[in-house]
Amino acid sequence: MSAPFLIGEAMTGGYGPVDILHSCTLSVEKGEIAVIVGPNGAGKSTAMKAVFGMLPLRQGTVRLDGEDITRLSPQARVRKGMGFVPQTHNIFTSMTVEENLEMGAFIRQDAAIRDTMAQIYDLFPILKQKRNQPAGELSGGQRQQVAVGRALMTRPKVLMLDEPTAGVSPIVMDELFDRIIEIARSGISILMVEQNARQALEIADKGFVLVQGSNRYTDTGAALLADPEVRKSFLGG
Ligand SMILES: Nc1ncnc2c1ncn2[C@@H]1O[C@H](COP(=O)(O)OP(=O)(O)OP(=O)(O)O)[C@@H](O)[C@H]1O
Ligand SMILES: [Mg+2]
């Protein structure tokens with residue numbers, strides 16, 4: 001079997017002297033959707049930060065397309081093809097929708113930025129309609145679209161999303177998941193944390209259940225959904 005497209009392998013680290021992650025492993029294949037679930041405080045966001053280079057690791061490695069990127073800064077990882085939408089503070093609220101997208105393209109020098117923006121407006125038509133409005137005036141679901149769109153502006157190979165459906169209605173959640181599936185079908189790998197665990201595992205090729213900074217279960221989305229232990233402890237029965 002070939003190596004995963006992106007893998008954070010046996011990651012151990014945390015904030016200051018306190019380890020939050022204990023030999024935690026996350027991975028995603030090319031064009032697939034991998035979902036991370038687990039209780040509040042399990043270390044899901046910490047693990048995402050570690051994969052993106054925002055958390056110094058005491059042990060473990062991060063590899064993208066076979067290359068060891070463990071020592072690279074987040075900016076360098078963006079240049080290598082990683083996009084990240086953090087759980088909080090993921091848009092500039094006082095800037096317009098379009099300015100947010102322009103900010104997303106900060107590493108690009110080429111002239112095709114407008115083409116990418118047009119693709120994002122095709123994916124999220126409401127953003128085109130609201131492009132001159134301050135992003136802070138948008139609904140929760142629309143703000144998440146801005147955040148995802150901003151990350152897509154660098155044309156990433158892998159998109160990392162930390163709770164993209166937090167605080168949105170079930171209908172808006174379904175719509176966001178449909179767009180995420182569409183992004184994955186275009187060949188972009190998705191590594192995402194979700195608190196809507198059941199719905200997220202339904203669209204996941206692979207799922208990771210994290211507990212106290214460690215891997216508790218790792219399997220296909222379908223297998224995790226069918227596992228009585230996983231259902232009882234993490235999916236509400
Ligand atoms: N910046 C920080 N400094 C110190 N400790 C932190 C920091 N951020 C998170 N922690 C601690 O690390 C642990 C894991 O937090 P983390 O945010 O990764 O969990 P999570 O699984 O993403 O939770 P949630 O479901 O609430 O988003 C928690 O005990 C938290 O208090
Ligand atoms: Mg979190």
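## Reading the model

Helices (H or I, at least four residues) and strands (E, at least two) are DSSP runs, numbered from the N terminus. This is a predicted model, in which local features need pLDDT of at least 70 and side-chain atom pairs count only at pLDDT 80 or more, while totals for chains, interfaces and linings use all residues. Residues are numbered from 1 along each chain as its sequence is written, and chains are lettered from A and ligands numbered from 1 in the order in which they are written.

Let's start with the ligand.

Now to a strand. S8 (residues 189-193) is largely enclosed by the rest of the structure, because 5 of its 5 residues are buried (20 or more other C-beta atoms within 10 Å of a residue's own, C-beta atoms being placed from the backbone). Ser189, Leu191 and Val193 point one way from S8, and Ile190 and Met192 the other way. In a regular strand, side chains alternate between the two faces of the sheet.

Strands pair if DSSP finds at least two bridges between them. S8 runs parallel to S3 (residues 33-37), joined by 4 bridges, and pairs in the parallel sense with S7 (residues 158-162) over 5 bridges. Leucine 191 of S8 is the bridge partner of alanine 34 and of methionine 160.

Key
A residue is buried if 20 or more other C-beta atoms lie within 10 Å of its own, exposed if 12 or fewer, and partly exposed in between; C-beta atoms are placed from the backbone.
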